[in-house]
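Open the model in your viewer and keep the selection tool ready. This tour goes from one stop to the next.

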Amino acid sequence: MTSSPKRPDLDSLLAPMEGATSNPPLEQWHPPLSGDMDLVIDRQGNWHHDGSVMRRPQLVRLLATLLRREADGDYYLVTPAEKWRLRVEDRPLVIVDAAHDTKEDAWWLVTSLGDRLRLDESHFMSLSEMPEGDTLPEVVVRHGLGARLNRNVFYRLVEQAEQRETPEGVELGLTSGGAWHPLGRVDRDAS
């Protein structure tokens, strides 16, 4: 008789978070791999568990506080005792709002899960390739996690963008928090 593979229990994963008022110290937790979880985060930032979309935003937000990307490029839900690998189709987070603070000369971004961050040297924007090959901006959020810009946010930022000449071509971007943040590039060879 063979035993079935260990399956994660969402309640046990979330138990360490009971009563927490801030994000957990994921960088301090290094349990051995518990296995692969049937959890997928799609390109729109929707979480799917056992083939169904998770419809409880509070549960998804809580699970997201346990999510990190490691040096191997994979994504994991981590607690002090468990570590479960999951699949992310592109980036796990989506930027759904942006506002410019003229006093700070900085942009503030909000993810679909409620993270609020200042676009600066610690939360910077860079260009990265999507699975189908397009190059789009992403923003560093926390624990190796990146966020893509929602289409309406992308176009709002492009309307405010500056142009810079680079060796690769003309780059569109923003200065925020004292740093340059690229939104896209027009290659010299494209004409």
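Start at Arg43, which is partly exposed with a relative accessible area of 35% (buried is under 20%, exposed over 50%, partly exposed in between, with a 1.4 Å probe and protein chains only). This is a predicted model: local features need pLDDT of at least 70, side-chain atom pairs count only at pLDDT 80 or more, and totals for chains, interfaces and linings use all residues. Residues are numbered from 1 along each chain as its sequence is written, and side-chain values use heavy atoms, with hydrogens and water left out.

**Stop 1: Arg43 and Glu132**

Arg43 and Glu132 form a salt bridge, with the closest N and O atoms 2.4 Å apart (a side-chain nitrogen of Lys or Arg within 4 Å of a carboxyl oxygen of Asp or Glu). The pair links distant parts of the chain, 89 residues apart. Arg43 lies in the loop between β1 and β2 (47-49). Glu132 lies in the loop between β10 (125-129) and β11 (135-142). Strands are DSSP runs of E, at least two residues, and helices are runs of H or I, at least four, numbered from the N terminus. Glu132 is partly exposed too, at 44% relative accessibility.

**Stop 2: Arg85**

Now select Arg85, Asp36 and Asp74. Arg85 meets Asp36 in a salt bridge of 2.5 Å, N to O. That pair ties strand β6 (residues 83-88) to strand β1 (residues 35-41), 49 residues apart. Arg85 also bridges to Asp74, at 3.6 Å, N to O. Asp74 sits in the loop between β4 (67-69) and β5 (75-78), 11 residues from Arg85. How accessible are the two? Arg85 is partly exposed at 24%, and Asp74 is partly exposed at 30%.

**Stop 3: a network**

Select Asp90, Arg91, Glu138 and Arg148. Salt bridges with shared partners join these four into one network. The salt bridge count comes to 13.

**Stop 4: the sheet**

Switch to cartoon. Six strands make an open sheet of mixed pairing, in the order β3-β2-β1-β6-β5-β4 (two strands pair if DSSP finds at least two bridges between them). β3 (52-53) and β4 stand at the edges with a single partner strand each, so one side of each has no neighbour in the sheet.

Zoom in on β4 and β5. They pair in the antiparallel sense over three bridges. Pick Leu67: its bridge partner in β5 is Leu77.

Last, select helix α2 (residues 57-64). The helix packs on the sheet and touches β2, β4 and β5 (contact means heavy atoms within 4.5 Å). Its direction makes about 95° with that of β2. Axes are lines fitted to C-alpha atoms, for helices over the stretch in contact, and angles run from 0 to 180 degrees between N-to-C directions.
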